[in-house]
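Okay, shall we get going? I've put a model up on the screen, and I'd like to walk you through how its pieces pack together.

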Amino acid sequence: MSHWSLRGRWYIPATPQRLDPSFKSLVGLLFIQTTVTHSMSNSLPLARDIDGKAIAARVLEEVRTDVAGLASQGVLPALAVLLVGDDPASHVYVRNKLQRAEEVGIRSLEYRLPESTGQAELLQLIAELNTDPAVNGILVQLPLPAHIEEQAVIQAIDPIKDVDGFHRENVGGLVQGAEVLTPCTPSGCMRLLQETCGDLSGLHAVVIGRSNIVGKPMATLLLQAHCSVSVVHSRSVDAAALCRLADIVVAAVGRPQLIDASWLKPGAVVIDVGINRIETETGSRLVGDVDYASARTIAAAITPVPGGVGPMTIAYLLKNTVIATRLQRA
Ligand code: GUN
């Protein structure tokens with residue numbers, strides 16, 4: 001059956017002055033293309049990829065410059081990374097973090113502890129790292145084995161060395177707009193959005209997911225950037241309908257390919273935080289929380305998985321290590 005539709009695509013230039021200051025809504029964007037297309041054809045321009053690898057490389061260059069500046073004052077930033085147990089994904093993440101740290105000149109201290117490590121033993125190690133003046137950042141890779149209470153460990157880290165930004169003191173400071181260590185993934189997502197859209201002021205952002213690591217701090221950062229923010233989650237009534245109102249969508253829900261084109265407003269900018277491994281006929285592959293192939297037929301810009309948000313998380317961990325080093329010297 002033939003079904004014709006008239007569809008358009010918004011163009012969002014990557015400059016800070018994207019929005020008409022007198023009319024800060026998507027109506028102020030430049031409507032560059034209207035396409036009469038057959039609904040079964042693929043003639044619409046696809047969303048452009050937001051290149052997390054390239055933007056992370058720039059962030060790492062900034063960190064390298066900062067580290068060189070500290071080195072000229074005789075300061076060598078050091079990051080301690082603690083990994084308990086055998087979770088294979090965590091081992092990969094930690095290896096990447098340590099490798100990137102070395103590349104930008106940050107000293108890394110690696111603590112790989114057996115699954116059987118007790119909570120008291122872990123807390124004792126954190127206490128020692130807290131008081132060691134040669135250690136500037138402490139990261140305990142999550143998840144922890146079930147017998148260790150995650151919050152007890154996070155709250156034991158000195159807030160000024162908490163490069164994850166998970167300590168209550170940092171979470172509270174973030175909400176109040178204080179200069180604190182801020183969670184790495186949301187910080188990286190904000191950089192991607194700012195480089196894609198410029199000024200975010202007045203845009204409607206929908207965050208899908210309400211975790212402490214991503215969803216909640218992401219919503220807070222978007223609010224600080226003067227967005228109108230909605231958080232949708234598993235109890236939301238018609239999450240897709242709420243999401244269709246969004247200029248910016250940040251998906252951090254941990255459900256492979258949940259969000260497809262039917263969730264999106266034409267011209268939305270989509271940040272996909274999800275990293276999910278799915279089985280395929282030939283093995284397995286990584287996918288996000290967004291159905292990339294579907295979403296890119298309607299979005300203006302989208303992060304791929306892998307190569308979108310992932311590299312930004314590590315880059316901002318290292319940026320936080322520099323910030324923590326400076327805070328400790330202030
Ligand atoms: N596990 C998954 N994401 C993170 C993160 O951002 N920090 C830590 N410490 N563990 C994680």
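Predicted model: local features only at pLDDT ≥ 70, side-chain atom pairs only at ≥ 80, totals over all residues.

**Helices, sheet and ligand**

Let's start with a pair of helices: helix 2 and helix 10 make a right-handed crossing. Residues are numbered from 1 along each chain as its sequence is written. Helices (H or I, at least four residues) and strands (E, at least two) are DSSP runs, numbered from the N terminus.

Back to our pair. Helix 2 covers residues 88-103, helix 10 covers residues 310-329, and their axes come within 10 Å and cross at roughly 55 degrees. Axes here are lines fitted to C-alpha atoms, for helices over the stretch in contact, with angles from 0 to 180 degrees between N-to-C directions. So helix 2 and helix 10 are oblique to each other; under 35 degrees would be roughly parallel, over 145 roughly antiparallel, 65 to 115 roughly perpendicular, and the rest is oblique.

Who's touching whom? On helix 2 we have Asn96, Lys97, Arg100 and Ala101, and on helix 10 Ile314, Leu317 and Leu318. Contact means C-beta atoms, placed from the backbone, within 7 Å. By class, that's 4 nonpolar, 1 polar and 2 charged residues. (Ala, Val, Leu, Ile, Met, Phe, Trp, Tyr, Cys and Pro count as nonpolar, Asp, Glu, Lys and Arg as charged, and the others, Gly among them, as polar.)

Now compare helix 6 and helix 7, which pack at about 40 degrees with their axes 8 Å apart. That makes helix 6 oblique to helix 7, and this crossing is right-handed. Helix 6 brings Pro186, Cys189 and Met190, while helix 7 brings Pro217, Met218 and Leu221. What classes are in the contact of helix 6 with helix 7? It has 6 nonpolar, no polar and no charged residues.

Strand 9 (residues 248-251) and strand 10 (residues 269-272) pair over 4 bridges, and Val250 has Ile271 as its bridge partner.

On to the ligand. Around it sit Leu139, Val140, Gln141, Leu142, Asp164, Cys184, Thr185, Ile213 and Thr313. Strand 6 (137-140) and helix 6 (184-197) are the elements giving two or more residues to that shell. The shell divides into 5 nonpolar, 3 polar and 1 charged.

Most residues other than glycine have a negative phi, and most peptide bonds are trans. Here, though, Leu142 to Pro143 is cis, with Pro143 in the loop between strand 6 and helix 4 (150-156). Val305 to Pro306 is cis too, and Pro306 is in the loop between strand 13 and helix 10. Finally, His226 has a positive phi, near 70 degrees, in the loop between helix 7 and strand 8.

How values were computed
Left-handed = near helix turned anticlockwise from the far one by under 90°. Contact = placed C-beta atoms within 7 Å. Near = placed C-beta within 6 Å. Pairing = 2+ DSSP bridges.
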